[in-house]
Amino acid sequence: MNKTKLELIDIAKAGASLVLDSSKFTKLELIDVAKALQDGCTLQLINCQSKTKLELIDIAKTAPRKITFQ
């Protein structure tokens, strides 16, 4: 998906679940998107080898049980 962080936040706030390439976004951008997730929605991140263990932990803590890493 080729959208900006702000577009993704609006989409997440509308109730969508998202699948994103984590290599195309910073840790802070992914955290902002994760914060916008609505109940029952998830964020699946692919290409997670681009992020460190600590970055992935920080993202996961933002929205427990809503984030999937691949």
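Asn47 is partly exposed, because its relative accessible area is 30%, where partly exposed lies between buried, under 20% relative accessible area, and exposed, over 50% (1.4 Å probe, protein chains only). This residue sits in the loop between E2 and H3, and its phi is near 55 degrees, a positive value in a residue other than glycine. The model is a predicted one, in which local features need pLDDT of at least 70 and side-chain atom pairs count only at pLDDT 80 or more, while totals for chains, interfaces and linings use all residues. Residues are numbered from 1 along each chain as its sequence is written, and side-chain values use heavy atoms, with hydrogens and water left out. The element names refer to DSSP runs numbered from the N terminus, helices being H or I runs of at least four residues and strands being E runs of at least two.

Asn47 is also one of the residues touched by Ser22, a list that includes Leu30, Leu45 and Cys48 and does not count residues up to four places away in sequence; contact here means heavy atoms within 4.5 Å. Ser22 itself belongs to the loop between E1 and H2, and it is buried, with a relative accessible area of 0%. Another loop residue, Arg65, is found between H3 and E3 and has a phi near 70 degrees, again a positive value in a residue other than glycine. Arg65 counts as exposed because its relative accessibility is 82%.

We turn now to the helices. Two packed helices are described by the angle between their axes and the distance between the axes. For H1 (residues 5–13) and H2 (residues 27–35), the axes come within 8 Å and cross at roughly 20 degrees, the axes being lines fitted to C-alpha atoms over the stretch in contact, with angles running from 0 to 180 degrees between N-to-C directions. H1 and H2 are therefore roughly parallel to each other, a term that covers angles under 35 degrees. On the H1 side, Lys5, Leu8, Ile9 and Ala12 meet Glu29, Asp32 and Val33 of H2. Sorted by class, this contact has 4 nonpolar, no polar and 3 charged residues; Ala, Val, Leu, Ile, Met, Phe, Trp, Tyr, Cys and Pro count as nonpolar, Asp, Glu, Lys and Arg as charged, and the others, Gly among them, as polar.

Which residues of H1 are buried? They are Leu8, Ile9 and Ala12, and they lie on the same side of H1 because they cover an arc of only 105 degrees around the axis, the arc being that of the directions from the helix axis to the C-beta atoms. These buried residues pack against E1 and H2, whereas the face of H1 turned away from its buried side carries the exposed residues Leu6, Asp10 and Lys13. After H1 comes Gly15, whose phi is positive, near 105 degrees.

In H2, the buried residues are Leu30, Ile31, Val33 and Ala34. Their arc around the axis is only 160 degrees, which puts them on the same side of H2. They pack against H1, strand E1 (18–21), strand E2 (43–46), helix H3 (53–62) and strand E3 (67–69), while Leu28 and Lys35 are exposed on the face of H2 turned away from its buried side.

Lys53 is a residue of helix H3, and it counts as exposed because its relative accessibility is 62%. Lys53 and Lys13 are 40 residues apart in sequence and 27 Å apart in space, C-alpha to C-alpha.

Notes: Angles under 35 degrees count as roughly parallel, over 145 as roughly antiparallel, 65 to 115 as roughly perpendicular and the rest as oblique.
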